[in-house]
Amino acid sequence: MKAGNIFLVGLMGAGKTTVGKLLAKHLGKTFYDSDHEIERRTGVNIPLIFDIEGEAGFRSREQTMIEELASKQDIVLATGGGAVLSPQNRETLHGHGTVVYLRASVDDLWLRTRHDRGRPLLQTADPRARLAELFQQRDPLYREVAHITADTSRQSVQNLVHQLEQKLEQLDC
Ligand code: S3P
């Protein structure tokens, strides 16, 4: 567990990418975003991968990417919101770094994602209800895999990053 890695998990809109970039800068670590890496390598965006290969095809690419990124050292990784669905991903993340769950209320997640067209799972008639369902299904999985849970509501990104730095120091990460 001493690879110096920090893995951010949480639902779409929890702030994994924003928080991850700033945290990496503060800690002098390299930032990665698993979705962006998949897009960079394939040359196409996530919605197109869902269209052509379905969710199953995307999950398989995601698992391979997480396996590869988790073997690096001194990184901060923003994972896709559904990465924790796979038991293998949960094991990989938990065993190769400190996992931080960015926990947000369904209302906050909805406010942050409602204008977004880049998330295939939210292109439904009632995206708020979809987020509530995903929260129910995944909150236990995020909790299971995480070493640290951080409540992201009603605080600035700067504050949150500062709190996380303190928690990580306490855990000697
Ligand atoms: C997904 C979350 C997305 C992306 C894909 C599926 C999910 O990532 O991986 O659209 O299942 O929650 P973000 O959490 O970065 O939006």
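**A parallel sheet, its helices and a ligand**

Phe 7 stands opposite Val 99 in strand E4. This is a predicted model, in which local features need pLDDT of at least 70, side-chain atom pairs count only at pLDDT 80 or more, and totals for chains, interfaces and linings use all residues. Residues are numbered from 1 along each chain as its sequence is written, and side-chain values use heavy atoms, with hydrogens and water left out.

Start with the strand pairs. Strands (E, at least two residues) and helices (H or I, at least four) are DSSP runs, numbered from the N terminus. Two strands pair if DSSP finds at least two bridges between them. Strand E1 (residues 6-9) and strand E4 (residues 98-103) run parallel and are joined by 4 bridges. Leu 8 faces Val 100 of E4 across this pairing. E1 also pairs with E3, again in the parallel sense, over 3 bridges. There, Ile 6 is opposite Val 76 in E3.

Now the whole sheet. It is open and has 5 strands, in the order E2-E3-E1-E4-E5, with parallel pairing. Strand E2 (30-33) and strand E5 (148-151) are the edges, each pairing on one side only. On average, neighbouring strands are turned by 20° against each other, direction ignored. Such angles run from 0 to 180 degrees between N-to-C directions unless direction is ignored, and axes are lines fitted to C-alpha atoms, for helices over the stretch in contact.

Which side chains cover the two faces of E1? Ile 6 and Leu 8 lie on one side, Phe 7 and Val 9 on the other, and all are buried. Buried means under 20% relative accessible area, exposed over 50%, and partly exposed in between (1.4 Å probe, protein chains only). In a regular strand the side chains alternate between the two faces of the sheet.

Contact means heavy atoms within 4.5 Å. Helix H4 (residues 87-96) touches E1, strand E3 (75-78) and E4, and its direction makes about 140° with that of E1. Helix H6 (residues 127-145) lies across E1 and E4, at about 150° to E4.

Leu 131 sits in H6. It is buried, with a relative accessible area of 0%. Leaving out residues up to four places away in sequence, Leu 131 touches Leu 11, Met 12, Val 106, Leu 109, Trp 110, Thr 113 and Leu 122. Lys 21 belongs to helix H1 (residues 16-27). Lys 21 is partly exposed, because its relative accessible area is 48%. Its C-alpha atom is 8.3 Å from that of Tyr 32, 11 residues away along the chain.

Next, the aromatic rings. Rings of Phe, Tyr and Trp (its six-membered ring) pair if their centres lie within 6.5 Å; planes under 30 degrees apart count as stacked, over 60 as edge-to-face and the rest as tilted. The whole structure holds 2 aromatic pairs. In one of them, Phe 50 and Phe 58 are tilted, 5.0 Å centre to centre with 35° between the planes. Phe 50 and Phe 58 are both buried.

Finally, the ligand. A residue is near it if one of its heavy atoms lies within 4 Å. Of the 13 residues around the ligand, Lys 16, Asp 35, Arg 59, Arg 119 and Arg 138 come nearest. A polar side-chain atom of Arg 119 is 2.6 Å from a ligand oxygen atom. For Lys 16, a side-chain N or O atom is 2.7 Å from an oxygen atom of the ligand. Gly 82 uses its backbone: an N or O atom there lies 3.3 Å from a ligand oxygen atom.

Note on methods
A polar contact is a pair of N or O atoms within 3.5 Å; within protein, one must be able to donate a hydrogen and the other to accept it, and residues adjacent in sequence count only if both atoms are side-chain atoms.
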